[in-house]
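User: Hi! I am new to this structure and would like to get to know it step by step. Could you walk me through it?

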Amino acid sequence: QVNLVESGGGLVQPGGSLRLSCVFSGSKFKFESFIMGWYRQAPGKQREFITRISSGGITNTAESVKGRFTMSRDNGKDMVFLQMNDLKPEDTAVYYCHADSASEGEYWGQGTQVTVSS
């Protein structure tokens, strides 16, 4: 079983920044074998893809956040990060960490709330 724990959410003013973190744990599985990603879900909307990163650090990012959000991973600490800059009210959502492996399946964190408001 893989456990993902997000942190770093909160209330921020428009134009501000936040950095989300996600810790991966699961002694049976290797962090490097998973493609890690971030998704978000706003009230009344479907969960949407934001960005993902391969074990080698190659990223794929949604157009809606490209240039503002950057994902990174630290394979030594089994962690991923989401740096969010120039935040807008429409970025308000619950942000979820995601782990995906063709052989081990996919897993979700419990989510962390991000609210962008003045």
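Predicted model: local features only at pLDDT ≥ 70, side-chain atom pairs only at ≥ 80, totals over all residues.

User: Thanks! To begin, how many salt bridges does the count come to?

Analyst: Side chains of opposite charge can pair when their charged atoms come close. A pair counts here when a side-chain nitrogen of Lys or Arg is within 4 Å of a carboxyl oxygen of Asp or Glu. By this rule the count comes to five.

User: Where in the chain do Arg-40 and Asp-91 lie, and how many residues apart are they?

Analyst: Their side chains meet in a salt bridge, 2.9 Å from N to O. Arg-40 belongs to strand 4, while Asp-91 sits in the loop between strand 8 and strand 9. The pair therefore links distant parts of the chain, and the separation is 51 residues.

User: Is Asp-91 buried or exposed?

Analyst: Asp-91 also forms a salt bridge with Arg-68, at 2.7 Å from N to O. Arg-68 lies in the loop between strand 6 and strand 7, so this pair ties together parts that are 23 residues apart in sequence. The cut-off for buried is under 20% relative accessible area. Asp-91 has 0% relative accessibility, so Asp-91 counts as buried.

User: Is Glu-63 buried or exposed?

Analyst: Glu-63 forms a salt bridge with Lys-66, their closest N and O atoms being 2.9 Å apart. Lys-66 is partly exposed, with a relative accessible area of 46%. For Glu-63 the relative accessible area is 63%, and over 50% means exposed. Glu-63 is therefore exposed.

User: Now the open sheet: which strands stand at the edges?

Analyst: Four strands form this sheet in the order 1-3-8-7, with antiparallel pairing. The two at the edges each have a single partner strand, so one side of each is left without a neighbour in the sheet. They are strand 1 and strand 7.

User: Which residue in strand 8 stands opposite Arg-19?

Analyst: Strand 3 and strand 8 run antiparallel and are joined by six bridges. Opposite Arg-19 stands Gln-83.

User: Which residues touch the most other members of the largest nonpolar core?

Analyst: This core has 29 residues. Among the elements giving two or more residues to this core are strand 3, strand 4 and strand 8. The residues touching the most other members are Leu-4, Phe-24, Met-36, Trp-38, Met-84 and Tyr-95.

Methods:
Residues numbered from 1 in each chain as written. Heavy atoms only, no water. Core = buried A, V, L, I, M, F, W, Y, C linked by side-chain atoms within 4.5 Å. Buried < 20%, exposed > 50% of the residue type's maximum accessible area, 1.4 Å probe, protein only. Pairing = 2+ DSSP bridges.
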